[in-house]
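Biologist: I would like to learn how to read a model of this kind, one feature after another. Could you take me through it, giving the general idea before each case?

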Amino acid sequence: MSESNQIGLFDNNPVKNEYDELVKVLNYHCDRYYNEDEPEISDYEYDQMNLRLKQIEKEHPEFIREDSPSRRVGWKAQKGILVKHNVPMLSLLDVFSKEEVDEFVNSTIKNLGEDTEFLVETKIDGLSMALRYDNGKLTTAVTRGDGINEGEDVTKNAMVIKDVVKTMPDPIEYIEIRGEVYMTREAFSKVNEEAEEAGSKTFANPRNCAAGTLRQIDTRITKKRDLSLFIFNIQESRGMEFKTHSDGYEFLKKNNVKVIDLYFKCKTADEVWDAIQKIGQARGELPYDIDGAVVKLNNIADRAKLGNTIKFPRWAIAYKYPPEEKETKLLAVEVDTGRTGRVTPVAIFEPISLCGTMVSRATLHNQGFIDDLELGIGDTIVVYKSGEIIPKIKCVNKDKRPSDWKPYRIPDSCPVCGHKLVREADAADFKCVNPSCPGTLVQRICNFVARDSMNIKGFGSEYVKDLVEKGYIKNIADIFSLKDRRDELVEEKILGLAKNTDKLLAAIEEAKANTSADKVLAGLGVPNVGKATSRDLIDHFGSIDALMNATEDDLIKVDSIGDISAKNIADFFQEEDNRVILEALKAAGAKFEGEIKEKGSALEGLSICITGTLPTLSRNEAADLIIANGGKVVGSVSKKTSYLLEGEAAGSKALKAKELGVASISEEDLMNMINS
């Protein structure tokens with residue numbers, strides 16, 4: 001029977017429909033995890049869906065699809081130079097209960113004999129990498145990729161990781177070792193603090209940060225982010241044979257290789273479970289995240305007897321710890337305005353111990369999250385921590401709700417400056433848009449001087465912070481009056497010596513003279529108005545002056561503006577503080593009039609999404625080219641998208657386009673469309 005006829009048989013089968021949806025959802029989240037390094041759900045949530053998928057496949061093998069995540073080890077490598085695996089980098093079978101651990105240990109002992117020895121060790125939450133050494137010299141580093149055929153060559157980045165041994169002092173002919181690249185909590189916090197200060201996107205957890213860092217093109221970024229490495233296996237060797245896994249560890253330690261530092265030798269199921277419990281109790285004290293414990297055979301010959309499945313070794317399993325959760329009482333909600341203006345509510349609760357550490361705070365994200373929880377002060381809440389650095393609130397125990405309970409609402413004014421908050425379009429987040437708010441001023445100035453706005457060369461974030469702290473800049477317009485205080489700046493050496501000060505002041509004047517009105521607008525921090533929307537608004541209204549007087553009805557006529565954006569933009573320009581700053585910018589000579597540009601029509605009526613790395617154009621250059629020829633650039637793929645302009649390492653947008661039937665084009669195709 002053909003596959004299409006088989007599918008027809010199951011059209012009205014609810015279990016088959018559930019299975020198909022699970023395959024689709026899990027594949028999407030695999031792509032977010034492996035290719036984008038930006039997972040949208042926790043490991044626990046993924047594991048629960050994956051368990052359900054495996055249950056259905058066990059009960060209904062006729063449903064199994066070729067694209068099921070159960071038939072893959074990792075995910076196809078898509079970035080950079082690809083390297084063939086000499087030895088497969090397999091996954092481990094995940095188990096979640098003592099019964100499953102006991103079954104694995106006892107059945108293995110039954111097969112191999114009473115003298116069977118196991119190692120139980122930490123399962124580091126990071127990114128797998130293999131290192132190859134010829135006569136003690138590191139030659140190649142490769143990621144897991146698809147686990148069977150090939151991974152990504154990351155040799156240059158591996159060379160700058162402090163834990164990677166470049167030359168072994170007591171070498172053998174050849175050895176390939178496998179380990180986990182990870183990031184300590186301290187290093188992770190530092191990276192996110194720096195990203196927040198620079199106005200960049202922060203990472204969700206150390207694993208995502210480590211994975212993205214290992215794939216960086218610029219090795220200086222990799223080195224700066226301070227990655228770490230533990231080795232947990234010898235994949236292959238020539239010139240020396242190892243009888244046991246622990247013998248291999250001793251050889252590697254003699255060669256200064258950093259191996260897993262917390263492991264136990266065990267003989268029985270009870271000893272194995274006891275070791276798992278000990279590791280679980282210690283994980284809160286470790287400086288890095290673990291997401292489980294690995295149980296593996298110590299004897300190498302015994303491993304060979306048991307062999308592997310297509311996806312897992314039969315001689316090892318990974319026990320995944322359940323999320324630890326406890327009840328506590330919500331005492332208060334603290335509202336904070338971050339550097340980007342986004343207001344974040346934080347739950348303050350009675351301190352509890354989770355994973356070995358005391359916690360008393362957890363983010364509440366936004367009002368929508370609070371509403372979904374039905375949360376109020378005094379509630380008894382359930383807090384959990386699942387191998388991640390930040391505790392989370394799971395739910396409210398409504399049976400313990402106080403009699404005077406009221407639902408919590410975020411205040412409608414900024415806790416720093418008292419300015420009215422506005423809601424971001426298509427989101428539940430609220431932001432302070434006061435351009436002079438002390439909580440957001442540094443970030444607003446950094447945004448204004450950045451490349452997509454005024455593009456003032458040499459105006460780094462450190463200069464901005466110093467100028468704000470010392471009172472030279474109190475709002476955006478003050479940038480253009482710095483020239484009037486040149487002597488003071490030189491005397492205090494805020495921008496360096498006289499030569500450097502004059503250079504930056506000249507760059508400010510040059511940017512003012514050459515920056516178009518749409519980029520001035522993009523730098524103002526108007527809610528929901530970025531680079532593309534700024535261009536649309538100036539093209540439509542002709543000037544910032546005309547935009548300042550536009551009504552909500554006028555704004556909605558612009559294609560890229562919806563109801564919420566229209567209200568936020570109109571409110572921004574009606575604020576007296578904002579109008580004062582705008583008048584000061586105009587008086588200083590910033591361009592408010594749009595440039596009249598003749599557009600081509602080759603792409604008229606087409607909406608194009610850009611993804612991946614293009615051969616010769618940056619994404620900004622490609623976007624400018626599309627707009628200059630009458631097209632529209634969109635940020636995500638939908639059924640209304642005309643084309644996906646796809647470069648290398650396209651990721652989830654390419655999958656989405658394929659799913660929706662949106663045609664993909666190359667940079668060459670785009671140029672041909674324009675030139676024809």
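This is a predicted model: local features need pLDDT of at least 70, side-chain atom pairs count only at pLDDT 80 or more; totals for chains, interfaces and linings use all residues.

Biologist: With which residue does Glu250 form a salt bridge, and how far apart are the closest N and O atoms?

Modeller: The idea is to look for a side-chain nitrogen of Lys or Arg within 4 Å of a carboxyl oxygen of Asp or Glu. Here the partner is Lys253, and the closest N and O atoms of the pair are 3.1 Å apart. Lys253 is itself partly exposed, because its relative accessible area is 38%.

Biologist: Why might residues placed like these along a helix face one another?

Modeller: In general, an α-helix has 3.6 residues a turn, so residues three or four places apart point the same way. In this model, Lys253 and Glu250 both belong to helix α9 (residues 245-254), and because they are 3 residues apart they are separated by about one helical turn.

Biologist: How many salt bridges does the model contain by this rule, and which residues are joined into one network?

Modeller: The count comes to 31 salt bridges. Among them are Arg485 with Glu488, whose closest N and O atoms are 3.3 Å apart, and Arg486 with Asp487, where the corresponding distance is 3.2 Å. Arg486 is partly exposed at 27% relative accessible area, whereas Asp487 counts as exposed at 56%. Salt bridges that share partners also join Lys16, Asp20 and Arg65 into one network.

Biologist: At what angle do the axes of helices α21 and α22 cross?

Modeller: One compares the directions of the two axes, and an angle of 65 to 115 degrees counts as roughly perpendicular. The axes of α21 (residues 563-574) and α22 (residues 576-588) come within 5 Å and cross at roughly 70°, and the two helices are therefore roughly perpendicular to each other. Phe572, Phe573 and Gln574 of α21 make the contact with Glu576, Asn578, Arg579 and Leu582 of α22. By class, this contact has 3 nonpolar, 2 polar and 2 charged residues.

Biologist: What is the strand order in the open sheet of 4 strands, and which strands are at its edges?

Modeller: The order here is β20-β19-β21-β22, with parallel pairing; the edge strands are β20 (632-634) and β22 (663-665), each of which pairs on one side only. From one strand to the next, the twist averages 35°. Strands β19 (residues 607-611) and β21 (residues 643-646) pair in the parallel sense over 4 bridges, and Thr611 stands opposite Glu646 in β21.

Biologist: Which helices lie across or pack on this sheet?

Modeller: Helix α23 (residues 619-628) lies across β19, β20 and β21, and runs at about 170° to β19. Helix α24 (residues 652-660) packs on the sheet, where it touches β19 and β21, and its direction makes about 150° with that of β21.

Terms used:
Residues are numbered from 1 along each chain as its sequence is written. Side-chain values use heavy atoms; hydrogens and water are left out. Two strands pair if DSSP finds at least two bridges between them. Axes are lines fitted to C-alpha atoms, for helices over the stretch in contact, and angles run from 0 to 180 degrees between N-to-C directions. Contact means heavy atoms within 4.5 Å. Angles under 35 degrees count as roughly parallel, over 145 as roughly antiparallel, 65 to 115 as roughly perpendicular and the rest as oblique. Ala, Val, Leu, Ile, Met, Phe, Trp, Tyr, Cys and Pro count as nonpolar, Asp, Glu, Lys and Arg as charged, and the others, Gly among them, as polar. Buried means under 20% relative accessible area, exposed over 50%, partly exposed in between (1.4 Å probe, protein chains only).
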